[in-house]
Amino acid sequence: MPSDAKCKTSDIPSPWRLCTITQVEELKLLARMFPIWATTIVFSSVYSQNSSMFLEQGMVLDRRIGSFSIPPASLSTFDVISVLIGVLVYDKILVPVARRFSNKERGFTELQRMGIGLFMSILAMVSAALVEIKRLEIARELNLTHEKVEVPMSILWQIPQYVFVGTGIVFTYIGQLEFFYDQSPDAIRSLCTAFALVTISLGSYLNSLILTLISYFSTLGGQTGWIPDNLNEGHLDWFFWLIAGVSLINFVIYVCCAFRYKYKKAS
């Protein structure tokens, strides 16, 4: 009996046993992909502006086109249109041209595609900041600073920032899905592809965190703050410049990570 007990005890796998080579390699793949994944969160924060501060900005712009008033949320249509057109232009024009120079079937690598999208997000925030600077300038010229009213500047000036965001989606999100599908370990490929979509929700949380911090620190000492109820008294442009600056720093970090990244060897 004692000898049988010893045999049964020895058959139980030890929790301290060494991992297989495959498991170690899979972990190394995930560790290499993590910085790339993390740098796409800021892009999602920019994307969340479509349903937050871009709308706030649109509410204080002139929404009239003739006798028709444009709802600020309807400008998201240009985001969708730019995605549809961007996909066609990318597949039919950019990929064939890039394929001649890179000798790659897809034209661009996944990392190159994501990098272009991240750069587009910077342009979107710069465009929004410039529109807001002009809007505040008009408000001051017409003595509307202390009045909670629309400024006589067409809401259509917001179109470029929506187009830049939509174009960024074509490059970043689609490139991100392709990257995680190709580079993730085979055993958890579906999980990694789904995990890439988590950046969308994390970007919204990041945007909420930034807004909360700005609201707190910019109103210390009884200050009006960057984003008061009356945007004519605030500095929404400073918020857009801040996000543009964060996006630029994030882009530089991404480029460094992308240059150092080693693609998975084809199995």
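**Fold, aromatic contacts and a pocket in a predicted model**

Of the 267 residues in the chain, 39% are buried. The model is a predicted one. Its chain has 10 helices and four strands. Along the sequence, these elements follow the pattern α-α-α-α-β-β-β-α-α-β-α-α-α-α.

The UniProt record, an unreviewed entry, lists several stretches under "transmembrane region". Two of the stretches were examined for secondary structure. Residues 111-131 are 100% helix and 0% strand. The end C-alpha atoms of that stretch are 31 Å apart. Residues 151-174 are 67% helix and 17% strand. Here the end C-alpha atoms are 37 Å apart.

Aromatic contacts were considered next. A search of the whole structure finds 13 aromatic pairs. One of them joins Phe 119 and Phe 251, whose ring centres are 6.0 Å apart. The planes of these two rings meet at 55°, so the pair counts as tilted; an edge-to-face pair would need an angle over 60 degrees. Phe 119 belongs to helix H6 (residues 110-141), and Phe 251 to helix H10 (residues 236-260). The two residues are 132 residues apart, and their pair links distant parts of the chain. Phe 119 has a relative accessibility of 40% and therefore counts as partly exposed.

Other aromatic residues are grouped elsewhere. Phe 54, Tyr 162, Phe 239 and Phe 240 form one aromatic cluster. A charged group also meets a ring. The charged end of Arg 113 sits over the ring of Tyr 90, at 3.8 Å from the ring centre.

H6 and H10 are the elements that give two or more residues to its lining. The largest share, five residues, comes from H10. The lining consists of Leu 111, Gln 112, Gly 115, Ile 116, Phe 251, Tyr 254, Val 255, Ala 258 and Phe 259. Phe 251 thus has a place in this lining as well as in the tilted pair with Phe 119.

Trp 37 is in helix H2 (residues 21-39). With a relative accessible area of 8%, Trp 37 is buried, because the cut-off is under 20%. The C-alpha atoms of Trp 37 and Leu 197 are separated by 9.8 Å. Along the chain, this pair is 160 residues apart. Glu 56 lies in helix H4 (residues 53-59). At 40% relative accessibility, Glu 56 is partly exposed. Its C-alpha atom is separated by 9.6 Å from that of Ile 227. Glu 56 and Ile 227 are 171 residues apart along the chain.

Asn 143 is not a glycine, yet has a positive phi of about 55°. Asn 143 lies in the loop between H6 and strand E4 (151-154). Its relative accessibility is 62%, so Asn 143 counts as exposed.

Note on methods
Residues are numbered from 1 along each chain as its sequence is written. This is a predicted model: local features need pLDDT of at least 70, side-chain atom pairs count only at pLDDT 80 or more; totals for chains, interfaces and linings use all residues. Side-chain values use heavy atoms; hydrogens and water are left out. Rings of Phe, Tyr and Trp (its six-membered ring) pair if their centres lie within 6.5 Å; planes under 30 degrees apart count as stacked, over 60 as edge-to-face and the rest as tilted. Buried means under 20% relative accessible area, exposed over 50%, partly exposed in between (1.4 Å probe, protein chains only). A charge sits over a ring if NZ of Lys or CZ of Arg is within 6 Å of the ring centre and within 35 degrees of the ring normal. On a 1 Å grid over the protein atoms alone, a cavity is a set of points where a 1.4 Å probe fits but cannot get out, and a pocket is an open set with protein on both sides within 12 Å along at least five of seven lines; lining residues have an atom within 4 Å of a point. UniProt positions are given in the numbering used here, feature names are shortened, and annotations may be inferred rather than shown by experiment.
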